[in-house]
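Student: Could you walk me through this structure, starting with how the chains meet and then moving on to single residues?

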Amino acid sequence: MSDKILIVAEHDGTKLNVSTAKCVSCARAVSGAEIAVLVCAVDAAAVAAQAAQLTGVTRVLALDNPANVHALAAVIAPQVVAVSGPYNLILGPSTTFGKDVMARVAGLLDAPQVSDIMALESATRFRRPIYAGNAILTVEADGAPKVVGTVRTASFEATPPGGAAPLEKVAVDVPLPTHTRFISVSAAKTDRPDLQTAARVISGGRALGSADGFKILYSLADKLGAAVGASRAAVDAGYAPNEMQVGQTGKIIAPELYMAIGISGAIQHLTGIKDARTIVAINKDGEAPIFEVADIGLVGDLFQIVPEIERLIG
Amino acid sequence: MKRILVGIKRVVDYNVRIRVKPDGTGVITDGVKMSINPFDEIALEEALRIKERGGAAEVVVATVGPADCQQQLRSALAMGADRALHVQADGVIEPLVAARALLKLAEREQPLLVILGKQAIDDDNGQTGQMLAALWNRPQATYASKIELGETSARVTREVDAGLETLEVDLPAVITTDLRLNEPRYVKLPDIMKAKKKPLETLTLSALGVEPRQRLKLLRFEPPPQRQKGIKVKDAAELVEALKKKGVL
């Protein structure tokens with residue numbers, strides 16, 4: 001019997017999040033599997049059409065419901081469960097959306113969950129990081145009829161477009177709770193690339209000294225077309241907002257170029273960047289642990305070096 | 001009584017350098033310092049602050065695990081929890097088993113909130129809170145950085161990928177904590193003495209009617225692949241040159 005994999009799409013109502021294309025890449029590691037993408041939205045048509053183009057997807061389920069206006073885990077999870085019948089592996093991205101929803105799905109299904117899948121050896125055997133990436137664990141689901149998983153997006157390339165999967169409207173008849181209500185979301189508007197998908201990321205640490213100090217990073221980032229990130233210490237100190245945090249409890253990223261500026265490199269930070277292609281470290285402390293993982297290290301005063309780099313690249 | 005239930009887990013201390021056993025059967029924990037999972041410590045701190053503001057009358061701390069976990073329950077009592085519940089269990093405890101045990105405790109204790117860490121820093125699963133909320137059929141507010149408790153509902157600000165999201169959840173609810181919710185207090189020596197006299201009840205999974213299922217076989221532990229040693233450059237010009245040579249600029 002071939003494997004049937006269901007992927008819970010992440011989107012903002014109009015645009016499919018790239019994390020979904022990464023989940024599809026993960027699922028494609030199971031040869032011969034049917035890969036369905038479920039889009040729960042108020043009006044799922046536009047997002048479903050984007051999902052249908054992802055190479056490897058065999059069908060897209062569009063589930064319209066006015067209750068899906070905000071992606072509340074308590075509301076999404078029962079809908080996922082309601083369509084999950086034929087599927088033996090149910091995946092979502094290991095983003096704050098996916099982590100929130102999928103474990104609730106697993107709870108409702110009484111299914112074991114494998115978090116942060118970094119490699120999929122079969123539909124029941126997975127590799128995942130534990131202890132902030134200090135160990136890699138291989139687990140095998142032992143006879144459970146359904147397994148739930150979250151996909152560590154930094155471990156997978158987005159599956160390319162080029163497919164044309166059939167779209168199917170689905171309706172489910174399950175009671176949805178009203179005990180959880182969306183109030184607001186605040187996010188700084190930025191014209192810079194998205195931190196999670198940017199090819200280049202420049203991150204700052206506590207050594208930047210203030211929110212003002214971060215300005216030299218923004219300036220260099222704009223020249224390079226880069227996103228800006230921050231260490232936990234910089235976010236804790238109020239130099240940067242929480243959505244910029246990179247690391248074990250922030251965003252796990254895999255850019256082509258990662259520049260760590262004034263970041264000492266706590267293990268919790270390193271776990272968020274170790275899939276970066278090239279890591280550059282600039283720090284005045286030559287003994288900082290960041291230099292152990294950096295491909296190119298430069299010991300010196302960041303307030304001189306960063307503007308000089310900007311000048312040199314013209 | 002207005003009560004908050006806090007779930008904690010005994011884990012290898014945050015500062016310990018993790019090493020995988022040469023035979024790949026686990027990580028080395030012999031003789032290693034153990035602590036309350038830092039996110040759970042934040043959960044307990046928040047419960048204590050809510051109680052100190054008059055939002056709750058009692059803080060009950062609970063864990064599922066082997067006998068040694070009582071050390072961490074005593075630490076939690078020293079921090080200020082009123083009483084502790086130890087669900088004795090050996091071997092691997094999967095998040096669903098922990099969630100089922102917490103569900104039984106929640107049904108018994110009838111808390112207005114269950115607060116726990118968003119993930120444990122050993123297995124990094126991040127599942128137990130959501131699973132408990134699902135099994136309990138109650139709201140969940142994960143990754144909390146601010147909790148405002150009302151009479152029948154709570155407003156919770158969550159750290160999400162997009163920024164900060166605020167939800168309103170009816171009580172009782174499950175909340176999981178993120179790093180910036182608070183900074184846990186230090187325990188003072190007299191509190192450690194006092195904690196020895198606070199009630200600590202021992203239960204078992206079977207007495208709670210929870211089956212200790214393990215459905216994920218742990219096949220192999222490996223150290224992570226190491227990055228190749230990099231180069232040092234002496235100034236910005238050399239750095240830019242090196243980046244160009246690598247083709248990333």
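Tutor: What follows goes from the interface to the sheet and then to some individual residues.

Tutor: This is a predicted model, in which local features need pLDDT of at least 70 and side-chain atom pairs count only at pLDDT 80 or more, while totals for chains, interfaces and linings use all residues. Residues are numbered from 1 along each chain as its sequence is written, and chains are lettered from A and ligands numbered from 1 in the order in which they are written.

Student: How many residues of chain B are in contact with chain A?

Tutor: On the chain B side there are 63 residues in contact with 67 residues of chain A, where a contact means that the C-beta atoms of two residues, placed from the backbone, lie within 7 Å.

Student: And which element gives the most to that side of chain B?

Tutor: That is β9(B), with eight residues. The elements that each supply at least two residues include β9 (163–170), β8 (153–160), β7 (140–149) and α7 (236–246) of chain B; helices (H or I, at least four residues) and strands (E, at least two) are DSSP runs, numbered from the N terminus.

Student: How do the residues on that side divide into nonpolar, polar and charged?

Tutor: The side of chain B that touches chain A has 34 nonpolar, nine polar and 20 charged residues, with Ala, Val, Leu, Ile, Met, Phe, Trp, Tyr, Cys and Pro counted as nonpolar, Asp, Glu, Lys and Arg as charged, and the others, Gly among them, as polar.

Student: What joins β11 of chain A to β9(B), and do they run parallel or antiparallel?

Tutor: Strand β11 of chain A, residues 180–186, is joined to β9(B) by six bridges, and the two run antiparallel; strands pair if DSSP finds at least two bridges between them. Within that pairing, Arg181(A) stands opposite Glu168(B).

Student: What about β1 and β6 of chain B, parallel or antiparallel?

Tutor: Strands β1 (residues 3–7) and β6 (residues 113–117) of chain B pair in the parallel sense over four bridges, and Ile4(B) stands opposite Leu113(B) there.

Student: Switching to backbone geometry, which peptide bond is cis?

Tutor: The bond from Leu171(B) to Pro172(B) is cis, with omega near -5 degrees, and Pro172(B) is in the loop between β9 and β10 (173–177) of chain B.

Student: What is phi of Tyr131(A), and is Tyr131(A) buried or exposed?

Tutor: Phi of Tyr131(A) is near 45 degrees, a positive value in a residue other than glycine, and Tyr131(A) lies in the loop between β7 (125–130) and β8 (135–141) of chain A. Tyr131(A) is buried, with 25 other C-beta atoms within 10 Å; a residue is buried if 20 or more other C-beta atoms, placed from the backbone, lie within 10 Å of its own, exposed if 12 or fewer, and partly exposed in between.

Student: And what is the phi of Asp124(B)?

Tutor: Asp124(B) has a positive phi of about 50 degrees although it is not a glycine. Asp124(B) is found in the loop between β6 and α4 of chain B and is buried, with 20 other C-beta atoms within 10 Å.
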